[in-house]
Amino acid sequence: MRKALAVAQESLASGDVPVGAIIVNKDYEIVATAHNERELHSDPTAHAEVVALRRAAEKIGHRRLEGHTIFITLEPCAMCAGAIAQSRISTVVFGAWDEKAGAVGSMWDLLRDPRSLFKVEVRSGVLESECADLLKDFIRGVRKRD
């Protein structure tokens with residue numbers, strides 16, 4: 001998660017919300033890293049999770065990421081939770097909760113819904129304070145500029 005926090009910092013250069021994602025294989029080797037790139041590419045789908053999933057699939061040459069774990073500094077939204085499920089990633093580990101748009105326990109729980117075809121292990125609150133503080137500092141900075 002510390003690596004994901006470091007990657008999240010890279011979002012700041014383009015004015016993106018600082019969210020980072022790291023995907024590792026079963027041996028905990030890093031397969032892909034990504035941060036939010038929505039502002040950078042004017043792409044509403046360029047959330048850290050989606051960018052990391054794309055890079056990991058390209059690197060391994062397959063869209064299914066069974067046996068992989070994704071570490072994310074913020075609870076995934078509905079779009080990202082859906083992409084994670086479609087990728088067949090095995091484990092999701094996230095830091096801060098997103099009470100307004102989170103789809104892995106806050107607003108919804110798409111990955112652990114008993115009706116879901118996809119079974120994903122979820123671990124939440126890892127380095128939660130550090131992840132939340134990074135986001136809070138960013139939001140404070142944006143409010144000061146406005």
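I first looked up G20, and I found it in strand β1, residues 20–24, where strands are DSSP runs of E with at least two residues and helices are runs of H or I with at least four, numbered from the N terminus. The model is a predicted one, in which local features need pLDDT of at least 70, side-chain atom pairs count only at pLDDT 80 or more, and totals for chains, interfaces and linings use all residues. Residues are numbered from 1 along each chain as its sequence is written, and side-chain values use heavy atoms, with hydrogens and water left out.

G20 counts as buried because its relative accessibility is 0% (buried means under 20% relative accessible area, with a 1.4 Å probe and protein chains only). Beyond its neighbours within four places in sequence, I listed its contacts as A4, V7, A8, A34, H35, A48, F71, I72 and T73, contact meaning heavy atoms within 4.5 Å.

I then turned to helix α4, residues 78–87, whose buried residues are C80, A81, I84, A85 and S87. Seen down the axis of α4, these fall within an arc of 165 degrees, so they line one face of the helix; the arc is that of the directions from the helix axis to the C-beta atoms. Among the elements covering them I noted α3 (48–60), β3 (69–74) and β4 (91–96).

After α4 comes R88, and I noted that its phi is positive, near 65 degrees.

Terms used. Buried < 20%, exposed > 50% of the residue type's maximum accessible area, 1.4 Å probe, protein only.
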